[in-house]
Amino acid sequence: MRRALMLLAPRWLALHVVVIAACVTMVLLGRWQWHVAHVHHGSVQNYAYAFQWWAFTVFAVFMWGRVMRDALHRRPLQQPPAPVVPAPVTYRRYVMRTDRPDTSDPELAAYNAYLADLADRTNDEP
């Protein structure tokens, strides 16, 4: 019962007024379109528009009911969990040691020599 009284809150009353006004307007537009169909001697297009306005009315009432039902059966909001602060990450910088080059692989030694030569050329250029 207490939740049903929620539907009488000011914002809900505004929604009720808007939906009722829209439904009355759509029913009247459907009646007007029906009358126009009779004046034009049974124009199928005007009859279709009349039924379309009435279908809009049915849809609006259906959705109004669904919104009210969902509001009445809504679960209370739960408190969000406390944010988890991640542990600080320590970064370690690794530096290659160049005092003892690995010469066990001749292909790797040749590639390292090539890179060292490129680095020397790059440092010499302005």
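A: Rings of Phe, Tyr and Trp (its six-membered ring) pair if their centres lie within 6.5 Å; planes under 30 degrees apart count as stacked, over 60 as edge-to-face and the rest as tilted. With that in hand, a search of the whole structure turns up five aromatic pairs.

Q: What pair do tryptophan 34 and tryptophan 54 form?
A: A tilted one, with 5.9 Å centre to centre and 35° between the planes. The pair links distant parts of the chain, 20 residues apart: tryptophan 34 is in helix H2 (residues 10-39) and tryptophan 54 in helix H3 (residues 44-72). Helices (H or I, at least four residues) and strands (E, at least two) are DSSP runs, numbered from the N terminus.

Q: And what about phenylalanine 51 and tryptophan 54?
A: Those two form an edge-to-face pair, 5.7 Å centre to centre with 80° between the planes. They are separated by about one helical turn, because they sit three residues apart in helix H3.

Q: Which residues form one aromatic cluster?
A: Trp34, Tyr47, Phe51 and Trp54 do.

Q: Before I go on, what should I know about the model itself?
A: This is a predicted model: local features need pLDDT of at least 70, side-chain atom pairs count only at pLDDT 80 or more, and totals for chains, interfaces and linings use all residues. Residues are numbered from 1 along each chain as its sequence is written, and side-chain values use heavy atoms, with hydrogens and water left out.

Q: How much of the chain is buried?
A: Buried residues make up 13% of the 126 residues.

Q: New topic: how many helices and strands are there?
A: The chain has four helices and zero strands.

Q: How do the axes of H2 and H3 cross?
A: They cross at roughly 165° and come within 7 Å. Therefore H2 is roughly antiparallel to H3. Axes are lines fitted to C-alpha atoms, for helices over the stretch in contact, and angles run from 0 to 180 degrees between N-to-C directions. Angles under 35 degrees count as roughly parallel, over 145 as roughly antiparallel, 65 to 115 as roughly perpendicular and the rest as oblique.

Methods: Buried < 20%, exposed > 50% of the residue type's maximum accessible area, 1.4 Å probe, protein only.
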